[in-house]
Amino acid sequence: MAFASAFRRILSGSSTPSPIFRSQFAWIRHNSTLPTLTSPKLFISGLSRNTTDESLYNAFAPFGRLLDAKVIMDRGSGRPKGFGFITYGTVEEAEKAREGMNAKFLDDWVIFVDPARPREPPPRQPPQQDSQLNRKPTESGFTTNRTIGWSG
C-alpha cells in the first residue's frame, strides 16, 4: 500500500503544485521540443470522458478557422476514448493552436496536442486456404487433419 500511495503522490505532483503544471509529466511534455507541422490536422490526447465534439470545437476555435473537431467514441460502449482530432484551414493556425493548447486544461484534464499522423493501412494477411480442400481421404475412408490427427 505504501508503494501505491507513493506512486500516486509522484503522479499527482507535490502537495501544492502550480495550477498550470499539476502533473510532472505535463511539465516535461510542455518543455520538450515539438516536431514541425506539415498538416493542419492535430491529434488531441488526454481528453476527459465528459468532453464532447462541441466543447472541443469551442476550446480550439480562438486559434483560427476550424474545419472539423471530432472526439473519437468507443463503438461498444458509446463513450469517448480519450482522444480526438482537430482540423484547421491552414498549417499556421494549427501551429498556433498547438502552442496555445498543449499541456493545458480542458474539462479539468491536461490535454496534449500533437501533429496527426496519416492513417496507416491495416497489415495485409496472406489468403487462407480452405482446410476442406487440403483433406484427402485414405483407403479406409478416414481423413487426416495435420494439427489433430486422425478423424472420421
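The sections below describe the nonpolar core and then the aromatic pairs of this predicted model.

## Nonpolar core

The largest nonpolar core has 19 residues. Those touching the most other members are Leu-42, Ile-44, Leu-56, Phe-60, Ile-86 and Tyr-88. At least two residues of this core come from each of strand S1 (41–45), helix H3 (53–60), strand S2 (66–73), strand S3 (80–88), helix H4 (91–101) and strand S5 (109–115).

Leaving aside residues up to four places away in sequence, Ile-86 touches Pro-40, Lys-41, Leu-42, Ile-44, Leu-56, Phe-60, Leu-66, Asp-68 and Ala-69.

## Aromatic pairs

The model holds 3 aromatic pairs. One of them joins Phe-43 and Phe-83, with 5.6 Å centre to centre and 40° between the planes, a tilted arrangement. Phe-43 lies in strand S1 and Phe-83 in strand S3, 40 residues apart, and the pair thus links distant parts of the chain.

Phe-43 also pairs with Phe-85: the ring centres are 5.5 Å apart and the planes stand at 55°, so this pair is tilted. Here too distant parts of the chain are linked, with Phe-43 in strand S1 and Phe-85 in strand S3, 42 residues apart.

Through ring pairs, Phe-43, Phe-83 and Phe-85 form a cluster. Phe-43 is partly exposed, at 26% relative accessible area. Phe-83 is partly exposed at 24%, and Phe-85 is partly exposed at 22%. Because buried means under 20% relative accessible area, Phe-43 at 26% does not count as buried.

Lys-41 sits over the face of Phe-85, 5.1 Å from the ring centre.

Conventions: Residues are numbered from 1 along each chain as its sequence is written. This is a predicted model: local features need pLDDT of at least 70, side-chain atom pairs count only at pLDDT 80 or more; totals for chains, interfaces and linings use all residues. Side-chain values use heavy atoms; hydrogens and water are left out. A nonpolar core is a set of buried Ala, Val, Leu, Ile, Met, Phe, Trp, Tyr and Cys residues joined through side-chain atoms within 4.5 Å. Buried means under 20% relative accessible area, exposed over 50%, partly exposed in between (1.4 Å probe, protein chains only). Helices (H or I, at least four residues) and strands (E, at least two) are DSSP runs, numbered from the N terminus. Contact means heavy atoms within 4.5 Å. Rings of Phe, Tyr and Trp (its six-membered ring) pair if their centres lie within 6.5 Å; planes under 30 degrees apart count as stacked, over 60 as edge-to-face and the rest as tilted. A charge sits over a ring if NZ of Lys or CZ of Arg is within 6 Å of the ring centre and within 35 degrees of the ring normal.
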